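This report was prepared for a reader with the sequence and the three-dimensional structure at hand. Please consult both alongside the text.

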Amino acid sequence: MTAIPARIVSLRAAGTALVVELTEPVPRVLHWGADLGDLSDADLAALSLTAEGAVLNNSLDVPRRFTIWPTEADGWSGTPAQQGHRSGTATSPRLVTTGTAYQELPAGGGELTISLRDTTAALDITVGYRLEPSGVLGVRTTLTSDPDATVDAPYDLAGLHTLLPLPERAAEILDFTGKWSRERSPQRRTLGFGTHARDVRRGKPGADSPYLLTAGVPGFGFRDGEVWGVHVAWSGDQRYLAERLPEGAGTHSAVLGGGELLRAGEVRLGPGESYTAPVCWFGWSADGLDGLADRFHALLRARPSHPARPRPLVLNSWEAVYFDHDLDRLLRLADRAAQVGVERFVLDDGWFTGRRDDTSALGDWTVDKDVWPEGLSPLADHVRALGMEFGLWVEPEMISLDSDLARDHPEWILAPSAGVGPSARHQYTLDLAHPDAWRYLLDALDTLVGRYGISFLKWDHNRELHEAVHRGPGGVDTPGGRAQVTALYRLLDALKERHPGLEIESCASGGGRIDLGILSRTDRVWASDCNDPLERQTIQRWTGQLLPPELVGAHVGPTPSHTTGRPGTDTFRMVTALFGHAGIEQDLAVCTPEEIARLTAWAGLYREFRPLLHTGRVVRADLRGDATLLHGVVAADGGRALFCWARLTTSAEGQSGRIRLPGLDSCVSYRVRIRTELGLPSAHQTAGPAWTARAADDWLPLPGALLAGAGLPMPTLNPEQALLIEVERVSPAAHP
C-alpha cells in the first residue's frame, strides 16, 4: 500500500463506489452506492461542498458530519461505532487520524486503510475498506490497546459497529426470521425514525438469523429497485441495525450496519492486546434483490477456496435409516444409490459408541464396536468400490451428560461451575476454547478422517449456547461465547490443513449457522432439516439471496415429509432439489421401480445442468401473490437457462397469465423446451397454453421480445407441482 496524496478517495468496482474524504480529525463518508464516474478535482470539491448540511435549530452550532467512526464527539446521537471503558473511565472516545494508505486491486476495486488513535482510551484503531471486483465492500476493523500506555485497567470493549450511510430514498427494509424447518422467512417494514436492531444471542446466527439486512426504495423487488445490504460474517452472537434519526446522518438520511454482539466482560484488552471485529460485507445494487444477490454470488465464487470441482450428487442416510445402523441394510442402500447415480454416500448420526438414540454419547467419537465390530471399513470400502465418496456425520461442539467424555472431563462443559442449565436436544456444549478439549477433538476427527478415507463431514450443531462460560478454578467463571467461535474456526482450519481435500458442510439443526464466517472454512451449508418441497421452495429462494446454489444442500426426501407430515409427488421433490447442491435422503430400498427410474433420470438431469446451475446468475420473477413462483439460472454469457415454474397453493385467478422470463435478452432469438424426463406436472385446466404442447415434444423457437418482454402464458398447475423450462439462445444479440 502507498500513502494517499489526494484528499478524497474513491473505491470503484462493478458500477458501485465508496467515496471517503480524509478530513480531520476523522475522515467522513461522502457517498456509498452507484459509481459516480470519473470525477474531476472540481467535481470532488463539489461533492465535498454538498456534504456540508444545514445547521438546524436547537442543535449543533456546526453542520453535522457522518464520519467513518461516528461517536458523540461528532455530535452523533445514534448507535456509536465504539463503546467501552477502562474501569469506568475513558468512556468518550476522541479520535485523530494517524495514517492512511490505498491500493488498487489487480482485478478491479481497491483497498483503503485508515489508522486512528483514541487519545482518551489509549487505543490504536485500524479500519480497512476493501471494495472487491464484485462491487461488494468488506470492512475490517481492529482495536489495539497501546502497549506503552500508562494505564492500569484493561479496556473493556462493550460494542463495535461498522456503519455506512443511506440516502433518503432507502425507506423500506427487509430482513429475515424463522424457526427450525422454516428458516429465512422474509419480513418487510418501513424504515421509520429510531433504531431497527436485530440482536442474536444464540451463540450462532440461528434459524431466525437476520441474514442479510437490506434497505431499499419503496416497493423494491427481485428485478428492480435500488437496494443496499449488509451481512455480518460471524458464526456467533451478532447485531444488525438500520437507524434513522430526525437530524439525519450528516447530509445522509440513515445508517446501515452491524457487528459482533459482545457479552459483558467478553473482550478486555490489556497492554498490546487486540480485538479484530468480524468482517461486515456491504452490497449495493440498482437492479433489485437479484442484482444484490448476483454481487454476493460473484464475491463467493471468486474465493480461492470456492469448490472448483463438480458438486457430487449426495445420498445422506438420515431419513433413510435414522439410528438403525444395520450393515446389510446400509450396503443395500449404497448399492441402490450407485444404481441411481449417487456420487457421495454420507453415513449420518448413530455410528459412534453408545449412540442408539439422541439422548447420549455425544463426545465419544469412536466407532461403536457393538454395532460396527469391524469398524466403518466394510461400509466405507464398499461405497468407494461402487465409485462413490464416503462421508460421515459429526457434532464435535456438543456433549451428552451420559457420555464417557462428560464423566471423565466435566470441566470441559461450557456451563457455569454452579451447574448446568436445561438441556436442549438432550445435550450441552463442549468448551472448544479449553486447550485439552480442543486437542482431543482434533485428534479424534483426524483419526476418523484418516482411518476411513472420509472425504466429507456433515458438521452439525444442534443447540443454542446459553450461559456460555468457561469453568474457572475456584468457581470463577469467565465469558466463553466469543472464544467458542474462534476456537471452532481454528479447529476447522487445523483439520483441513491435515486433510486438504476434505469437504465440510455447516449444519446447525438445518440452516441455523449460515454466514460468511463459517463459509470461509466450509464447503456448503444445509439449508434446512425440512425436505418438504413446499417449504423448501421458499427456504431455498431466500437462502439464495446470499449464497449461490452450489453452496446450498438440497435433498429429495421421502413422502410423507418427515418434518411436516405432508404427502407429495416425487416429481415436485426432485425439481425443487435440482436447484442446489443436490442429494437424496430416503430409503431407496422401498422405492418402486418407477420411482427408481425417475430418480435415475433426475440424477442425469442434475449432472447435465450443474455446470449451468452452479456458475450462472440466479433470477427470480416478481409475481403478484405467493401462490406461484418462477425462478431459474441464466448462464453468465446468456446462452442458456433453466427455469422452474412452481405452484405452491391454489389462487383465485384461473389463468396464470403471461409471465416474463427474467434474465433473458429481448433482442435475441431463443428456443424453448419443457423437460419431461420426470413426467409432466398435473394441471388445474382442461388443456394448457398451446406452446406447452409443442415445447413438450421438441424445441420451440421463440423471440426474446416475447420471452423477456410480453411473457409466456403459463399453465395453471395444481398445488405442489412444478414445470422445468429449458431455454437456449439461437442467435446473437442485435442491440441497436
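The sections below treat the basis of the model, a sheet, a helix, the nonpolar cores and the backbone exceptions.

## Basis of the model

The model is predicted: local features need pLDDT of at least 70, side-chain atom pairs count only at pLDDT 80 or more, and totals for chains, interfaces and linings use all residues. Residues are numbered from 1 along each chain as its sequence is written, and side-chain values use heavy atoms, with hydrogens and water left out.

## An open antiparallel sheet

Helices (H or I, at least four residues) and strands (E, at least two) are DSSP runs numbered from the N terminus. Two strands pair if DSSP finds at least two bridges between them. On this basis, 4 strands make up an open sheet with antiparallel pairing, in the order β10-β17-β16-β13. The edges are β10 (162-166) and β13 (194-200); each has a single partner strand, so one side of each lacks a neighbour in the sheet.

Between β10 and β17 (residues 252-260), which run antiparallel, there are 5 bridges. Within this pairing, L163 has G257 of β17 as its bridge partner.

## Helix α1 and its cover

Helix α1 (residues 41-49) has L44, L47 and S48 buried, where buried means under 20% relative accessible area, exposed over 50% and partly exposed in between (1.4 Å probe, protein chains only). These residues lie on the same side of α1 because they cover an arc of only 100 degrees around the axis, the arc being that of the directions from the helix axis to the C-beta atoms.

The exposed residues A42 and L49 are on the face turned away from the buried side of α1. The cover over the buried residues of α1 includes β1 (8-13), β2 (16-21) and β3 (28-34).

## Nonpolar cores

A nonpolar core is a set of buried Ala, Val, Leu, Ile, Met, Phe, Trp, Tyr and Cys residues joined through side-chain atoms within 4.5 Å. The largest has 155 residues, and W69, Y129, W351 and W602 have the most contacts inside it. Apart from this core lies another, of 28 residues, among them L300, L516, L519 and W542.

## Backbone exceptions

Most residues other than glycine have a negative phi, and most peptide bonds are trans. E24 and P25 are joined by a cis peptide bond with omega about 5 degrees, and P25 is in the loop between β2 and β3. Another cis peptide bond, with omega about 0 degrees, joins T559 and P560.

S87, not a glycine, has a positive phi of about 50 degrees. S87 counts as exposed, at 57% relative accessibility. S509 has a positive phi near 50 degrees, but counts as buried at 13% relative accessibility.

How values were computed:
Contact = heavy atoms within 4.5 Å.
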